[in-house]
Every structure is written in structure tokens, then in C-alpha cells.
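Subject: Structure handover

Hello,

Here is the structure I promised to pass on. My notes on it follow below.

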Amino acid sequence: MGSSTPNTFTAPAQTFTVDGLLFDFDGTIIDSTPAIVTHWHRLGAELGLDPEVILQTSHGRRSIDVLQIIAPEKANWEYVSYVEGRIPKENGSDAVEIPGARQLLDSLNEAGAPWAVVTSGTRALVNGWLEVMKLAHPKYMVVAEDVEVGKPDPRCYLLGRSRLGLADGSEMLVLEDAPSGIRAGKAAGFKVVALASTHKIDELKEAGADWIVQDLRSVTLKSFNGKVEVEISNALQ
């Protein structure tokens, strides 16, 4: 596929099995970009910093890691949880579901298939959005506070597999939208589906995604009988 070839999401359906699924949250299950932009503009004003500079590097990264660079005195979990917890409460109407997310999560829960959320957001942020959006709550999560180093370090995804009770060597499917998260999933040794929801396709390719899809309507649970059978359809050709 040359650079002059238009991107087409028409690849034939492909079915395979894994032991569990690990989802990023923002940009993968929901898209709260307008709320996050408002958040960083508000925080930038409070801290006397240019929000546009912050936004250039903040997506897919933990707020505490961003703050360690731009405002080290604020880089503590009490402050980060407080400001992130405000986002769903104050900007709850500024988020939408990623198409197909609700159906996929509900089907996984109904089948009893193992899945978890692995996110750069805090527990306060994720739980807040799940309540606002009325989406399926995961039994297991890995949030920003749970790891010493955030994405693209792979430890968050390795911890996600562990929290599902799956052994080392278990095959996982990671669903992501950000290059840092894609790199984390690949560094953990997992297959990665990238959603073209927040980043350019070339960035997703460069990060090493195994499949690139438009949204979660392209990811379907076919069956669960100890192994999770998943179908990927309409991926980037």
C-alpha cells in the first residue's frame, strides 16, 4: 500500500482466539476529547501554562507524568485524582461512546469472557465516566495509580493480564487508540487492534498495530469456551 493509495477499511474478516482482552479507555471505549481539551485549558489557566503545549503531548499519557514535566509541585495522586474526578462531573455531556463499544462489552460480560480496562486515567476518572455513560463496569482495571511507569511501558498491560488471573504466556488482545498504548501492548508481547479515533493512521502504523479499524463495530465476540474467539472485520486494507 503506497503512500498515494487512499486508506480503505475493507480487509476480509479474520477470526482468531486469545485468552483475554485488554481495553484502553478514552479513545477506545469512549471519546471524551472535548472534555479533556476543556480540562487542560482549565488546568493551564490555573497553573499559568499554555494549554496547547500541554495538549501536544498529553493524550494517552498519565496526567501525573505530564505534570511532572510542566508543574512538578502538582504531580501527586491526591491532586491528579481530584482534578480528573472533576471532568465527568463538570463536562459529562462532552463525551460519546465509541461505536460498537457497548455491544462488545455487553457481549463479553454475557459470555463471561475475561476482559479488563488498562488506562492512563485515574480510578476517579474512569469510574466517573462509566457512571455518566452507563457502560458495563469491568471487574478488573489497571489505572494510572497502579503502576510506577505509564504507557508506553508494557507493565500496565502485563499487570492487566495478571489481574485477570491468566498465566504468563497467555495470549492477549489489546485494543488501543494512542501510539503510546499500542507500543505498550506490543512491548508486552500482545496483539494490538488500533482504533483510528484520535490519531493519524500513519502514527498507528508506525507504533506497530497489528490491525487498524475505524471503531469497535469491527471487533466481534464469536464465542467463549475457555478461549475467546474474536472476529476482526473491515480493518485497514
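The residues lining the largest pocket divide into 9 nonpolar, 15 polar and 6 charged. Here Ala, Val, Leu, Ile, Met, Phe, Trp, Tyr, Cys and Pro count as nonpolar, Asp, Glu, Lys and Arg as charged, and the others, Gly among them, as polar. This is a predicted model, where local features need pLDDT of at least 70, side-chain atom pairs count only at pLDDT 80 or more, and totals for chains, interfaces and linings use all residues. Residues are numbered from 1 along each chain as its sequence is written, and side-chain values use heavy atoms, with hydrogens and water left out.

Pockets

The largest pocket has a volume of about 670 Å³. It has 30 lining residues, and I36, S58, H59, G60 and R61 are the closest to its centre. (On a 1 Å grid over the protein atoms alone, a pocket is an open set of points with protein on both sides within 12 Å along at least five of seven lines; a cavity is a set where a 1.4 Å probe fits but cannot get out; lining residues have an atom within 4 Å of a point.) Points are joined across faces, edges and corners, and a volume is the space filled by probe spheres set on them.

Helix 1 (33-47) gives the largest share of this lining, 5 residues. Helix 2 (51-58), helix 4 (77-90) and helix 8 (179-187) are among the helices that each supply at least two residues. (Helices, H or I with at least four residues, and strands, E with at least two, are DSSP runs numbered from the N terminus.) Domain 1 (9-31 + 95-236) and domain 2 (33-91) each contribute at least three residues to the lining. The domain bounds come from an automatic or database domain assignment.

The second largest pocket holds about 170 Å³ of space. Of its 14 lining residues, V18, E171, M172, G189 and K191 are the closest to its centre. Strand 1 (residues 14-18) gives the largest share, 4 residues. This lining divides into 6 nonpolar, 5 polar and 3 charged.

Strand 1 and strand 11 (residues 228-232) are joined by 5 bridges. T17 has E229 as its bridge partner in strand 11.

The other open sheet to look at has 6 strands, in the order 6-5-2-7-8-9, and its pairing is parallel. Its edges are strand 6 and strand 9 (211-213), each with a single partner strand, so one side of each lacks a neighbour in the sheet. Strand 7 (residues 172-176) and strand 8 (residues 191-195) share 4 bridges. L173 stands opposite K191 in strand 8.

Cavity and salt bridges

There is 1 cavity of 30 Å³ or more. The largest cavity holds about 40 Å³ of space. Its lining includes R62, V118, C156 and K151.

The count of salt bridges is 15. (A salt bridge is a side-chain nitrogen of Lys or Arg within 4 Å of a carboxyl oxygen of Asp or Glu.) One of them joins K151 and D24, at 3.0 Å, N to O. K151 lies in the loop between strand 6 (141-142) and helix 7 (155-163), and D24 in the loop between strand 2 (20-23) and strand 3 (30-31), so the pair ties together parts 127 residues apart in sequence.

Best wishes

Technical notes:
Pairing = 2+ DSSP bridges.
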